[in-house]
Amino acid sequence: MPASLESYSLTPIGHIATPFRQKFAIPRQPNLVNAKGMITFLAPYSDPTCFKDIDAFSHLWLLFLFHETMERGWKPAVKAPRLGGNATLGVFASRSTHRPNGIGMSVVRNGGLVKDGKTLMLEVEGVDLLDGTPIIDIKPYLPYADGIPDATDALPNPIAPGQVPVIFAPDCEAELARRNKKHADFRSLLTGVLAQDPRPAYRHKLKTDERDYHVALYDADILWRMVDGCIHVIAIRDGEPGRAG
């Protein structure tokens, strides 16, 4: 192999802003929750020419870096949440963040380009990325090639997303209304995120969990717990989230 191909570097084309301020509770796959993101592009990739006819595509592939876990290195076998959190899969049979090159990919809905002065941005929906994630490439989703109707997934015990009821304490209603004025999707986004039951997979069997959990969305810290198979939101506050668990 030529020496020039033994290693290489990647340069982000931009960074994405999302509601997810911590890794905990980010949806496990894209499009499970209608979370919006805004990609701000860096020069020279902020040239509108780079995006000519991108509005022809309803969905896009985002390639990105798992920037907060890359320093931990990779693992040949990883624990799989959908298998209960204890069983392992080979890294290449998973979508784990602990990968040899720390590259992730998500298919998202194309919300269109936004121009703010000299700044070029792209709105996307259905994101599962941490706020500030570096984007390294964008490719169009092609239904005739990327949509495989007879594709199979034979792993047992897949997690059924969005099945857990979410109940808000009465004291939370005023705070929900206040935050919905700033982020119109706040209540629906929070409900969708929590309905996935973001607890570690090994705790899903606990219908009542003695632990309190925190989720960070936008600038809010949400305190919640699992009681009788329902997620109860106890408080919504400003500031950095407490430690999950």
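The model is predicted, so local features need pLDDT of at least 70 and side-chain atom pairs count only at pLDDT 80 or more, while totals for chains, interfaces and linings use all residues. Residues are numbered from 1 along each chain as its sequence is written, and side-chain values use heavy atoms, with hydrogens and water left out.

**Stop 1: Asn 110**

Select Asn 110, which is found in strand β6, residues 103–116. Strands (E, at least two residues) and helices (H or I, at least four) are DSSP runs numbered from the N terminus. Is Asn 110 buried or exposed? Asn 110 is buried, at a relative accessible area of 17%; buried means under 20% relative accessible area, exposed over 50%, and partly exposed in between, with a 1.4 Å probe and protein chains only.

Now show the side chain of Asn 110. It reaches the backbone oxygen of Ile 54 at 3.0 Å, and one of its polar atoms lies 3.0 Å from the backbone oxygen of Phe 57.

**Stop 2**

Ala 25 is not a glycine, yet it has a positive phi of about 85°. Ala 25 is also buried, with a relative accessible area of 8%.

Pro 44 lies in the loop between β2 (36–41) and β3 (59–65). Select Ala 43 together with Pro 44: the peptide bond from Ala 43 to Pro 44 is cis, with omega near 5°.

Asp 197 sits in the loop between α3 (186–195) and β10 (213–217). This residue, not a glycine, has a positive phi of about 55°. Asp 197 counts as buried, at 7% relative accessibility.

**Stop 3: helices α2 and α3**

Finish with helix α2, residues 173–182, and helix α3. Their axes come within 8 Å and cross at roughly 115°. Axes here are lines fitted to C-alpha atoms, for helices over the stretch in contact, and angles run from 0 to 180 degrees between N-to-C directions.

Which residues make the contact? From α2 they are Glu 173, Leu 176, Arg 179 and Asn 180, and from α3 Phe 186, Arg 187 and Leu 190.

Terms used
Polar contact = N/O pair within 3.5 Å; in protein donor to acceptor, adjacent residues only side chain to side chain. Contact = heavy atoms within 4.5 Å.
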